[in-house]
Amino acid sequence: MDLLNTLVDKGLRRELPTREEALAVLATSDDDLLDVVAAAGKVRRQWFGRRVKLNYLVNLKSGLCPEDCSYCSQRLGSKAEILKYTWLKPDEASQAAAAGVAGGAKRVCLVASGRGPTDRDVDRVSKTIEAIKEQNEGVEVCACLGLLSDGQAERLRSAGADAYNHNLNTSEGTYGDITTTHTYADRVETVHQAQAAGLSACSGLIAGMGESDADLVDVVFSLRELDPDSVPVNFLIPFEGTPLAKEWNLTPQRCLRILAMVRFVCPDVEVRLAGGREVHLRSMQPLALHLVNSIFLGDYLTSEGQAGQADLDMITDAGFEVEGAGTTTLPTHRARRGGGCGSHDGGCAPCGDAPGETAAESPGGPTARTDLVAVRRRGAGTDLAPNA
């Protein structure tokens with residue numbers, strides 16, 4: 001297929017595809033799906049070989065968020081029956097992080113619900129970062145605390161944070177349909193603040209919220225322009241008790257096409273398969289490893305993932321290997337840019353119909369698999385052992 005040959009050539013040269021080419025990837029048929037995966041896999045292997053980076057989430061503060069993000073089980077007015085607890089103490093968070101590191105995680109992602117941290121919150125998280133680094137030499141720490149105020153990114157960097165996650169989530173044109181308590185521009189500004197402070201920027205998207213193909217291409221092109229070091233791709237987990245509980249728009253095949261499009265647009269970036277992979281990719285998760293070079297190990301913020309050992313077995317069985325702590329994730333040309341964890345040795349929170357083309361799916365649409373949406377009842381904030 002001429003389209004795929006063109007996209008592979010551009011990906012190997014780090015050249016941006018056209019919008020039409022990106023849309024064409026999303027519009028490919030299921031008959032061509034393996035060809036799409038194979039083509040994007042060539043680009044993935046060029047920049048990341050067969051390595052898979054493991055990341056581990058620690059939810060520092062769960063629920064009771066004042067923001068109204070429609071996709072989030074922790075949102076204002078959410079009726080989802082999730083765990084709710086206030087800030088973990090530094091030693092509790094460090095203990096939770098240690099479980100992920102023991103399972104092979106190279107990066108620990110510290111997430112807290114809320115609009116953004118107070119200065120007191122930054123102090124608290126700084127102590128947590130220091131505790132984790134003291135116990136786990138060489139581990140990367142990414143903070144995800146919401147919108148940042150002036151000077152807070154610098155303080156997190158001084159405390160030892162390597163990265164900061166703040167996702168764009170959806171296109172600028174549809175952002176107001178998803179969230180009204182802050183703006184798309186607020187999110188972009190926070191990513192810029194993290195980059196200016198020397199933190200490795202992590203910013204991605206959520207697919208499956210009813211967006212069009214054009215919306216998906218818009219947000220991924222915006223991410224390419226923002227130039228984060230890692231791009232997490234979340235697939236909506238339709239929690240009962242949230243406004244998007246009935247949005248079951250994804251099939252495994254569509255998820256793979258979305259991941260392939262992201263890889264072609266962001267060829268040399270750490271593309272992370274994040275929340276919702278178990279729910280929507282299901283038995284086709286191993287194919288996604290040919291497109292992404294990073295996943296979360298174990299559970300997510302408020303939902304349970306598959307067993308950590310199953311993640312490790314999947315990586316091995318698919319012919320990939322877990323990236324070691326002594327390996328720099330990013331290609332040399334990105335790692336030398338002078339910011340974040342890629343430049344020295346030691347994200348995220350997954351967290352009306354728009355105009356444009358919508359990909360055709362099977363008649364009647366995807367089947368809702370509500371049985372696969374499991375609320376997290378173990379790990380941080382509980383007395384039960386974590387899944388790692």
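Trainee: Which residues have the most contacts inside the largest nonpolar core?
Mentor: In this predicted model, Val58, Leu156 and Phe235 have the most contacts inside the largest nonpolar core, which has 93 residues. A nonpolar core here is a set of buried Ala, Val, Leu, Ile, Met, Phe, Trp, Tyr and Cys residues joined through side-chain atoms within 4.5 Å, where buried means under 20% relative accessible area, exposed over 50% and partly exposed in between, with a 1.4 Å probe and protein chains only.

Trainee: And which helix gives the largest share of this core?
Mentor: Helix H10, residues 252-265, contributes nine residues to the core, the largest share; helices (H or I, at least four residues) and strands (E, at least two) are DSSP runs, numbered from the N terminus.

Trainee: What is Leu156 in contact with, leaving aside its neighbours within four places in sequence?
Mentor: With those neighbours left aside, Leu156 is in contact (heavy atoms within 4.5 Å) with Val122, Val125, Ser126, Ile129, Ala143, Leu145, Leu148, Ala161 and Tyr164. There is also a second, separate core of 10 residues, which includes Cys144, Ala274, Phe296 and Tyr300.

Trainee: What should I keep in mind about the numbering and the confidence limits?
Mentor: Residues are numbered from 1 along each chain as its sequence is written, and because the model is predicted, local features need pLDDT of at least 70 and side-chain atom pairs count only at pLDDT 80 or more, while totals for chains, interfaces and linings use all residues. Side-chain values use heavy atoms, with hydrogens and water left out.

Trainee: New topic: is Val139 buried or exposed?
Mentor: Val139 has 4% relative accessibility, so it counts as buried, and it is found in the loop between helix H5 (119-135) and strand S3 (140-144). Leaving aside neighbours within four places in sequence, Val139 is in contact with Val101, Lys106, Arg107, Val108, Ile132, Lys133 and Asp162.

Trainee: Where is Ser222, then?
Mentor: Ser222 lies in helix H9, residues 213-226, and counts as partly exposed because its relative accessibility is 24%. Beyond its neighbours within four places in sequence, Ser222 is in contact with Leu168 and Tyr184; the C-alpha atoms of Ser222 and Leu168, which are 54 residues apart along the chain, are separated by 8.7 Å.

Trainee: Stepping back, how many helices and strands are there in the protein chain?
Mentor: The protein chain has 14 helices and 10 strands. Its radius of gyration, 19 Å, is close to the 21 Å that the globule rule gives for 388 residues, so the chain is as compact as a globular protein of that length; the radius is taken over C-alpha atoms, and the rule is 2.2 Å times the number of residues to the power 0.38.
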